[in-house]
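Have the model open and follow along.

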Amino acid sequence: MKTDVVVLGAGIVGVSTALHLLARGRSVVLLDRRGPGEETSYGNAGLIERASVIPYAFPRDWRSLWRYARNNTPDVSYHVRFLPRVAPWLLRYWWHSSPARLARAAEAMLPLIERSVAEHDALKDDANLSPLFRRTGWIDGVRSEAGLARAVAQAEALAPYGLNYRVLDRQALTALEPSLSARMVGAVHWLDPVNVSDPGAVTRGYAALFQQRGGQLLRGDARTLKSAGSQGWQVQGDDGRIEARDVVVAMGPWSPDVLRPLGYRISMAVKRGYHQHFALEDGATLTHPVADIDSGFVVTPMTLGVRLTTGAEFAARDAPPSPIQIQRTRALARQLLPLGAAVEKEPWMGCRPCMPDMRPVIGPAPRHAGLWMAFGHAHHGFTLGPVTGKLLASLITGQAPDVDPAPYALRR
């Protein structure tokens, strides 16, 4: 089979890229070993995080470093035997998290963040997904008055970005979410973000739109990718070989596996994360995503129930799941909401692909014509899928991009 472009990876970034390439007149095959949105794009808080204008940085103060070093916090955990392997990456992450470098990372990411909601909006209506989208923002909740003062100060510091928010005391928070316990004394309610009730369904819906518009969704092994010289690229699908002039590697945490045989060493680590859905007892309700910023988890209403999502776990990508983080956060979440029975027998685990400078790789490979990259979105893959797809499709087709791609080049 011959096509113009093969997109490797049917997560939110790959699906969005495939859709935008189709819109620019390219024939496209979207290839994955699984169905659309069944890996990292499935397990997240469902936020299109328009308010996250500052990347998640490595802590620089010794108090926080000591807290995390003890490895007993609910928001960050690590496998002790994995530390020597990830230590060089963590050191680079720490280096890029200095105030000056963090400011540069925020400046680089802002054009993508600013367009995140609009680019989802451009796809959701055509995909008949509007009922899944809720324009209710999300709530950063705290457990102490001192914590509320810090949260408000941090919100006020973002005034130059023009973000919309409300400060909620206990009474105002109760009016919005009456089932939250009094342990949460107040919150900052961010109004610009959009949230969805099923992020996996959104990715599948975008993939269905891709097929409706003439794209081909196939199963195959991206690790079979190899150069075909002047003919471009070829990869083995389950039903035969696929040849294309251009290929996009959009495989999230698995992208380095495909690029390593081609001579690229990608400085990527993964932050593993977990989620599990719960019923609510005693007639309780939850209508907004609520983050417990003191403990690093989110509870959010989803189609399957209330989804509890964890912070970051530093471990080998393919190591077996470890239950400790979901256990810690589940106990803390039950202090805020009457969580009942778990919907799934076991928690879901996924891997966030993270670059040490807190920005993704989007653009051409420096040494291979027709090889393109789109990965490394860390905590914001779902947020930035459509805007990434639009940017990369513009580059591939030679059109003027809406966003300067230089900050996301592999060699930056």
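By class, 4 nonpolar, 1 polar and 4 charged residues line the second largest cavity. Keep in mind that this is a predicted model. Which residues line this cavity? They are R115, E119, V387, K390, L391, S394, P401, D402 and V403. Helix α11 (residues 381-396) gives the most to this lining, with 4 residues.

The structure holds 2 cavities of 30 Å³ or more. The largest cavity has 19 lining residues, and the closest to its centre are P55, M358, H377, A378 and H380. Helices α3 (83-96) and α4 (99-114) each supply at least two residues of that lining. Here is how the two cavities look side by side:

| Cavity | Volume | Lining by class |
|---|---|---|
| Largest | about 180 Å³ | 12 nonpolar, 5 polar and 2 charged residues |

Now for the rings. How many aromatic pairs does a search of the whole structure find? There are 4. One of them joins Y165 and W190 in a tilted arrangement, 5.3 Å centre to centre and with 50 degrees between the planes. Y165 lies in strand β7 (residues 165-168) and W190 in strand β8 (residues 186-190), so the pair ties together parts that are 25 residues apart in sequence. Y165 is partly exposed, at 28% relative accessible area, whereas W190 is buried, at 8%. Elsewhere, F58, W89 and Y93 form one aromatic cluster.

Charges can sit over rings too: the charged end of R307 is over the ring of Y42, 5.5 Å from its centre. Likewise, the charged end of R367 lies over the ring of Y264, 4.2 Å from its centre.

Definitions and conventions: Residues are numbered from 1 along each chain as its sequence is written. This is a predicted model: local features need pLDDT of at least 70, side-chain atom pairs count only at pLDDT 80 or more; totals for chains, interfaces and linings use all residues. Side-chain values use heavy atoms; hydrogens and water are left out. On a 1 Å grid over the protein atoms alone, a cavity is a set of points where a 1.4 Å probe fits but cannot get out, and a pocket is an open set with protein on both sides within 12 Å along at least five of seven lines; lining residues have an atom within 4 Å of a point. Grid points are joined across faces, edges and corners, and a volume is the space filled by probe spheres set on the points. Ala, Val, Leu, Ile, Met, Phe, Trp, Tyr, Cys and Pro count as nonpolar, Asp, Glu, Lys and Arg as charged, and the others, Gly among them, as polar. Rings of Phe, Tyr and Trp (its six-membered ring) pair if their centres lie within 6.5 Å; planes under 30 degrees apart count as stacked, over 60 as edge-to-face and the rest as tilted. Buried means under 20% relative accessible area, exposed over 50%, partly exposed in between (1.4 Å probe, protein chains only). A charge sits over a ring if NZ of Lys or CZ of Arg is within 6 Å of the ring centre and within 35 degrees of the ring normal.
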